[in-house]
Amino acid sequence: MKRIDDCLSTRDGRLFVEQCDTLDLVRRFGSPLFVVSEDQLRRNVRRFREAFERGWTEGPVAILPAAKASWSRAVQRILVDEGCGADVYSPGELAAALEAGCDPALVSVKSVPKDEAHIHRAVEVGARVTIDSVEEIDVIERSARALGRTAQVRLRLKPTLSGFIDHSELAAEGLVPTDIAALAYKGGLMFEQIEAIAPRLRQM
């Protein structure tokens, strides 16, 4: 046996995932086939948590993997069992995380734009809504009032990236400096916008 990493190895020229012969898996399930090692997934989560806890000593650390990486309920349930939350973009990702048993308090909802139904559902279940634009504040306030709940929110900051001056092809207008492209195409709020809306958010 030749070990490749924690879960992959080769034996007599055949690839194994943990103790499973991938040729046998393909014969049984067909190809293409996606194989996830539960042990490796758990090891990875623990490594992430330990690394962040070493670097962040100011309070507890929560690991929120992006739900878009895998909508598999089995994968999501393993992550939940390891104490993870979820970073979600779409209503479908939010549903997948909740169906897997994810604690809504550990769910971060962000996307640009978010429709009203998506925001309403996030507030309803107690997930944290990332405010990506000023326009979302009215929708969040309406949903919280209608549901009789306090919405959990956070602000996505869009800082000026003064050092990023290489040109980018992200802009339809052609090559522009990366800092300009980021300001134009990434969701989030500028410092001035946050200063303007902060008093209202505190009152809400």
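**Reasoning about burial, contacts and core in a predicted model**

Me: Why does Ser108 count as buried?
Reply: Ser108 has 3% relative accessibility, and buried means under 20%; Ser108 therefore counts as buried. The model is predicted, and Ser108 is found in strand E6, residues 107–109.

Me: What makes the pairing of the Ser108 and Arg154 side chains a polar contact?
Reply: The two side chains make this contact at 2.5 Å, and the cut-off for a pair of N or O atoms is 3.5 Å. The value lies within the limit, so the term polar contact applies. Arg154 is also one of the residues that Ser108 touches, and others include Leu64, Asp87 and Thr130, not counting residues up to four places away in sequence.

Me: How do you know whether Val129 is buried or exposed?
Reply: Val129 has 1% relative accessibility. Since buried means under 20%, Val129 counts as buried. Val129 lies in strand E7, residues 128–131.

Me: What separates Val129 and Val109 in sequence and in space?
Reply: These residues are 20 residues apart in sequence and 4.9 Å apart in space, C-alpha to C-alpha. Contact is judged on heavy atoms within 4.5 Å, and Val109 is among the residues that Val129 touches. Val129 also touches Ala122, Ile140 and Arg154, among others, not counting residues up to four places away in sequence.

Me: Which residues touch the most other members of the largest nonpolar core?
Reply: Of its 23 residues, they are Val88, Val107, Val109, Val123, Ala127 and Ile140. The elements giving two or more residues to this core include strand E5 (86–88), E6, E7 and helix H8 (191–203). Apart from it lies another core, of 7 residues, among them Val45, Ile78, Leu79 and Cys84. In soluble globular proteins, nonpolar side chains tend to be buried together.

Me: Why does Val26 count as partly exposed?
Reply: Val26 stands at 35% relative accessibility. Buried requires under 20% and exposed over 50%, so Val26 counts as partly exposed. Val26 lies in helix H1, residues 22–29.

Me: What part of the protein chain do buried residues make up?
Reply: They make up 33% of its 204 residues. The chain has 8 helices and 10 strands.

Note on methods. Residues numbered from 1 in each chain as written. Predicted model: local features only at pLDDT ≥ 70, side-chain atom pairs only at ≥ 80, totals over all residues. Heavy atoms only, no water. Helix = DSSP H or I, 4+ residues; strand = E, 2+ residues; numbered from the N terminus. Buried < 20%, exposed > 50% of the residue type's maximum accessible area, 1.4 Å probe, protein only. Polar contact = N/O pair within 3.5 Å; in protein donor to acceptor, adjacent residues only side chain to side chain. Core = buried A, V, L, I, M, F, W, Y, C linked by side-chain atoms within 4.5 Å.
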